[in-house]
Amino acid sequence: HPILHSDQGMQYRSNRYHELIKLYDLRPVCLEKVTVLTTRVSVIFLHFKEEAFHLYDMTTVEKAFKGIEAFINLYNIQRSQKKLKCLSPKNYRNYAA
């Protein structure tokens, strides 16, 4: 069964969400214990949900994989971040060196 990760947000508590989980034969997974890593992953996932669906075509599984890969590249290399003095990770590495 494919795994669907949830952050236990509003959709996780909705009846329709669980109906769709059953319909598509998915296995829902959510992390109960909050750690620094799960918090960081949740932040990245939040940015993904807010930005990626507007930036990339996700109408097929293949396009979704390409969009996810492009977003990871954007987030990890190109996207400016406040915590890095508003520089991209790549530019911050050069700045810090």
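Colleague: Before we start, what should I keep in mind?
Modeller: This is a predicted model, in which local features need pLDDT of at least 70 and side-chain atom pairs count only at pLDDT 80 or more, while totals for chains, interfaces and linings use all residues. Residues are numbered from 1 along each chain as its sequence is written, and side-chain values use heavy atoms, with hydrogens and water left out.

Colleague: Which residues are buried in α3?
Modeller: Ala 64, Gly 67, Phe 71, Leu 74 and Tyr 75 are buried in α3, where buried means under 20% relative accessible area, exposed over 50% and partly exposed in between, with a 1.4 Å probe and protein chains only. Helices are DSSP runs of H or I with at least four residues, numbered from the N terminus. Seen down the axis of α3, these buried residues fall within an arc of 90°, so they line one face of the helix; the arc is that of the directions from the helix axis to the C-beta atoms.

Colleague: And which ones are exposed on the other side of α3?
Modeller: Those are Glu 62, Phe 65, Lys 66 and Glu 69.

Colleague: Moving on to the loop, is Gln 81 buried or exposed?
Modeller: Gln 81, in the loop between α3 (61–78) and α4 (89–96), has a relative accessible area of 9%, so Gln 81 counts as buried. A polar atom of the Gln 81 side chain lies 3.0 Å from the backbone oxygen of Tyr 75.

Colleague: What about Lys 85, buried or exposed?
Modeller: Lys 85 lies in the loop between α3 and α4 and counts as exposed because its relative accessibility is 54%. The side chains of Lys 85 and Tyr 95 are joined by a polar contact of 3.2 Å, meaning a pair of N or O atoms within 3.5 Å; within protein, one must be able to donate a hydrogen and the other to accept it, and residues adjacent in sequence count only if both atoms are side-chain atoms.

Notes:
Helix = DSSP H or I, 4+ residues; strand = E, 2+ residues; numbered from the N terminus.
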